[in-house]
2 protein chains.
Amino acid sequence: MKRAGAWLARVSVGLKPDILDPQGKVVRGALGELGFSAVQEVRVGKHFWVRLRGSLSRPAAEREVRRMAARVLINPVIETFTFTLSRAG
Amino acid sequence: MKRAGAWLARVSVGLKPDILDPQGKVVRGALGELGFSAVQEVRVGKHFWVRLRGSLSRPAAEREVRRMAARVLINPVIETFTFTLSRAG
């Protein structure tokens, strides 16, 4: 039997909508100065690509990703996250 | 006629596959110490959510996003990017 490939979780972390994003403001300002006049707003976030052992079931892998996001990857006071989970190629 | 909503570009920036990611290694180490033993690798990247004027055509908006990524958002020596473009709600 072919072994299942590893899980690949892609965790996308961003500031909550009501939290100011000074870094995004700086990027927006730089873009404006360079002539990108169509830009109205920029917000910056982080990305984690996490490879997990393929022997986990999908529900177990999802649980692990949620736990690690809440405990390590995000600051739940100001950030939220979404993620997708797929088998690595 | 209803005005079209703004464009929302979601630019995802990551290190090229052959570039070492010390930040990802640190996160992986922290996860391991906390008992997340199924984690095999972590890579870290950035995200930019960019809102653009809705009066641009889709091709013009895509061109703007590619130009701003190459000139401002990424370091083309070590990073690559992908993006999606959709009408804001």
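**Salt bridges and the interface**

Tutor: Let's start in chain B, where the side chains of B:Arg58 and B:Glu62 meet in a salt bridge at 3.6 Å, N to O. A salt bridge here is a side-chain nitrogen of Lys or Arg within 4 Å of a carboxyl oxygen of Asp or Glu. Keep in mind that this is a predicted model: local features need pLDDT of at least 70, side-chain atom pairs count only at pLDDT 80 or more, and totals for chains, interfaces and linings use all residues. Side-chain values use heavy atoms, with hydrogens and water left out, residues are numbered from 1 along each chain as its sequence is written, and chains are lettered from A and ligands numbered from 1 in the order in which they are written.

Student: Where do B:Arg58 and B:Glu62 sit, and how far apart are they in the helix?

Tutor: They are four residues apart in helix H2 (residues 58–73) of chain B, so about one helical turn separates them. Helices (H or I, at least four residues) and strands (E, at least two) are DSSP runs, numbered from the N terminus.

Student: How many salt bridges over all chains?

Tutor: Eight by this rule. One of them joins A:Glu79 and A:Lys46, with the closest N and O atoms 3.7 Å apart. That pair links distant parts of the chain, since A:Glu79 is in strand E3 (residues 79–87) of chain A and A:Lys46 is in strand E2 (residues 39–52), 33 residues apart.

Student: And what are the accessibilities of A:Glu79 and A:Lys46?

Tutor: A:Glu79 has 13% relative accessibility and counts as buried, whereas A:Lys46 has 30% and counts as partly exposed. In chain B, B:Lys46 and B:Glu79 also form a salt bridge, at 3.7 Å from N to O.

Student: What is B:Glu79 in contact with?

Tutor: Leaving aside neighbours within four places in sequence, B:Glu79 is in contact (heavy atoms within 4.5 Å) with B:Val13, B:Gly14, B:Leu15, B:Lys16, B:Lys46, B:Leu73 and B:Ile74. B:Glu79 is buried, at 12%.

Student: How much area do the two chains bury between them?

Tutor: About 3100 Å², 60% of it on carbon and sulfur atoms. Buried area is the accessible area (1.4 Å probe) that two parts lose on being put together, summed over both. A:Phe36, A:Trp49 and A:Arg51 supply 20% of the area that chain A buries against chain B, more than any other three residues.

Student: How many salt bridges go across the interface?

Tutor: The rule finds two across the interface of chain A and chain B. B:Arg51 forms a salt bridge with A:Glu41, and the closest N and O atoms are 2.9 Å apart.

Methods
Buried means under 20% relative accessible area, exposed over 50%, partly exposed in between (1.4 Å probe, protein chains only).
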